[in-house]
Amino acid sequence: MPLPPNVAGIQVTRLRLCSLVTPSGRITLTASANGSVFKWIETTPEGRRERLLKDEKEYEHLLACAFGIRLPTTSSAPERKMARPTAAPTEARQLSSKPDPKPYPAVPE
């Protein structure tokens, strides 16, 4: 049963979110429901760093690189409600003959 948009003064919002535990903390990628705000968040013992992304193209690039999720193209799926991972990031790294020293994409400040 869907929640009403405002329950007892609490605003309910929709958000696309993908998060993964890493050896040094957690990485999170978010996008507002209307696609106007995209964020890359890194949480480590030293603290939390957030960075706004330029656009949906950068969001989809990080979603593929860091999480192994590739969204279907709009021509093959006009309503992009759900995506299936092509391979879990850990599985993708295990398939490599050499360990990747930098398993997550470098995100410039």
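The model is predicted. Its largest nonpolar core has 13 residues. H1 gives the most to this core, with five residues.

**Nonpolar core**
- Leu29, Trp40, Leu53, Tyr59, Leu63 and Phe67 touch the most other members of the largest core.
- Three elements each supply at least two residues of this core: strand E4 (25-32), strand E5 (38-44) and helix H1 (56-67).
- In soluble globular proteins, nonpolar side chains tend to be buried together.
- Tyr59 touches Arg16, Leu29, Thr30, Ala31, Phe38 and Leu53, leaving aside residues up to four places away in sequence.

**Helix H1**
- H1 has 12 residues. From first C-alpha to last, H1 reaches 15 Å, close to the 16 Å expected at 1.5 Å a residue.
- At the start of H1, Asp55 places a side-chain oxygen within 3.2 Å of the backbone nitrogen of Lys57.
- Gly68 follows H1. The phi of Gly68 is positive, near 70°.
- The buried residues in H1 are Glu58, Tyr59, Leu62, Leu63, Ala64, Ala66 and Phe67.

**Cysteines**
- Cys18 has 16% relative accessibility, so Cys18 counts as buried, the cut-off being under 20%.
- Cys65 has a relative accessible area of 39% and is therefore partly exposed.
- The count of disulfides, taken as cysteine sulfur atoms paired within 2.5 Å, comes to zero.

Note on methods. Residues numbered from 1 in each chain as written. Predicted model: local features only at pLDDT ≥ 70, side-chain atom pairs only at ≥ 80, totals over all residues. Heavy atoms only, no water. Core = buried A, V, L, I, M, F, W, Y, C linked by side-chain atoms within 4.5 Å. Buried < 20%, exposed > 50% of the residue type's maximum accessible area, 1.4 Å probe, protein only. Helix = DSSP H or I, 4+ residues; strand = E, 2+ residues; numbered from the N terminus. Contact = heavy atoms within 4.5 Å. Expected span 1.5 Å × (residues − 1). Polar contact = N/O pair within 3.5 Å; in protein donor to acceptor, adjacent residues only side chain to side chain.
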